[in-house]
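Open the model in your viewer and keep the sequence panel in view. The stops below tell you what to select next and what is there.

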Amino acid sequence: METGNQTHAPEFLLLGFSATSEIQFIVFGLFLSMYLVTFTGNLLIILAICSDSHLHTPMYFFLSDLSFADLCFTSTTVPKMLLNILTQNKFITYAGCLGQIFFFTSFGCLDNLLLTVMAYDRFVAICHPLHYTVIMNPRLCGLLILGSWCISVMGSLLETLTVLRLSFCTKMEIPHFFCDLLEVLKLACSDTFINNVVIYFATGVLGVIPFTGIFFSYYKIVFSILRISSAGRKHKAFSTCGSHLSVVTLFYGTGFGVYLSSAATPSSRTSLVASVMYTMVTPMLNPFIYSLRNTDMKRALGRLLSRATFFNGDITAGLS
C-alpha cells in the first residue's frame, strides 16, 4: 500500500473479527441475537414505564432514559458491524467514522451521567426521605435529564470536531469493529497533542467527576442505612439500590476493562473482546437486572405483555 498522507481519509478499514466464512456466520448470528435481545429488552422497559402510571416516579423516569440511551448506544455500532459481516465489506467512510465517534461518545457519556443522576435520586430517597417529593420534583428531574443530554452532546462534539484538524496516513486499518476514537488517533500523521488534551479534559469532566459523584452518593447512603435500627428497613433500603449498583458495577467494570486491556495489549484480541463486553453485553444485561430484581417492573412488564397478547388476539379474531 502506498505511503503518504491526506487531509481527509476517504475510508477506514474495520478489521473487526477476522475469521473464515463459517465462523463469520456464527459471529453474525450471535451478535444479531444479542442486538435483538438488547433492542427488545430496553424497548419493553421504556414501554412498560410509559404505560404504567404506578411507575411515573423519578426513579423509573431516569430508568426509561437510561434504557433509551443504551438502545441508541448499541445501535450506533452494531448494525454497521452486522452489515459489514453480511456483505464482507469492512470499509466505513470518513463521514461515517466521524458519525460513529460522535454518537458513540454522546450516548456513552449520557449513560454515565444518567447513572450519576440515578445515584443522586437514591441518595435523596434514602438520606432525605421526608423531603424526597419536594426535592425530586418534575422540574428538577427534567433539568437533570436536559443537562445530561447537553453536556454529553457538547463533550462529544468537542472530541469529534478536533478530529477534523488531523491528516491521516493512507493505511487506514482500525483493529476494531467500530471507529474507536483512540484507535483513529493512532492513524493520524499530524500532531495529536490537542486531541489528547481534549480527551483527558473530557474524561475528567464526563468520567471522573460523575464517578466521584456516584461514589460519594453511596458513601452517604451506606452510612445512612447503617444508622437504621430495624433489620427489615435496612434490607428494604439496600434493595432499592441493588439494581442500580449492579448496573454501575457492570458499566464501570467493562469500561475500565476496555482501556486497561488496550493499554496492556494494544490492538489485541483481548481488547476487542473487552470492547464487545462494553458495547453489547452491558446494554443487553441492564434490562434483565432491573426487571428481575424489581417487583414493580416485573408487574408492569406482565401487564404490558398481557395487553399486547389481548390486542393481538382481538386482531386475529377480527381477521378470522
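Helices (H or I, at least four residues) and strands (E, at least two) are DSSP runs, numbered from the N terminus. This is a predicted model, in which local features need pLDDT of at least 70 and side-chain atom pairs count only at pLDDT 80 or more, while totals for chains, interfaces and linings use all residues. Residues are numbered from 1 along each chain as its sequence is written, and side-chain values use heavy atoms, with hydrogens and water left out.

Of the 320 residues in the protein, 48% are buried. Buried means under 20% relative accessible area, exposed over 50%, and partly exposed in between (1.4 Å probe, protein chains only). Among the contacts in the protein with a separation of 6 or more, 79% are between residues 24 or more positions apart; a contact means heavy atoms within 4.5 Å.

Next, select Cys-97 and Cys-179 and show their side chains. A disulfide joins them, with an S to S distance of 2.1 Å; the term stands for a pair of cysteine sulfur atoms within 2.5 Å. Cys-97 lies in helix α4 (residues 94-127) and Cys-179 in the loop between β5 (173-174) and α7 (181-186), so the pair links distant parts of the chain, 82 residues apart. A search of the whole structure finds one disulfide. The angle about the S-S bond is -125 degrees, and the link of Cys-97 and Cys-179 is left-handed. Are these two cysteines buried or exposed? Both Cys-97 and Cys-179 are buried.

Select two other cysteines. Cys-109 is buried, because its relative accessible area is 12%. Cys-150 has 37%, so Cys-150 is partly exposed.

Now switch to a surface view. The protein exposes about 16400 Å², and carbon and sulfur atoms supply 71% of it. Areas come from the Shrake-Rupley method with a 1.4 Å probe; for residues, only the protein chains shown count as cover.

For the last stop, select Phe-211, Phe-215, Phe-216, Tyr-219, Val-222, Phe-223, Leu-226, Phe-238 and Phe-256. They form a nonpolar patch on the surface, with about 930 Å² of accessible area together. The elements giving two or more residues to this patch are α8 (193-226) and α9 (231-264). Helix α8 gives the most, with seven residues. Phe-216 is in helix α8, and Phe-216 counts as partly exposed because its relative accessibility is 48%.

Patches are made of residues with over 30% relative accessible area and no salt bridge; like charges are joined within 9 Å, and nonpolar side chains (Val, Leu, Ile, Met, Phe, Trp, Tyr) within 5 Å. A salt bridge is a side-chain nitrogen of Lys or Arg within 4 Å of a carboxyl oxygen of Asp or Glu.
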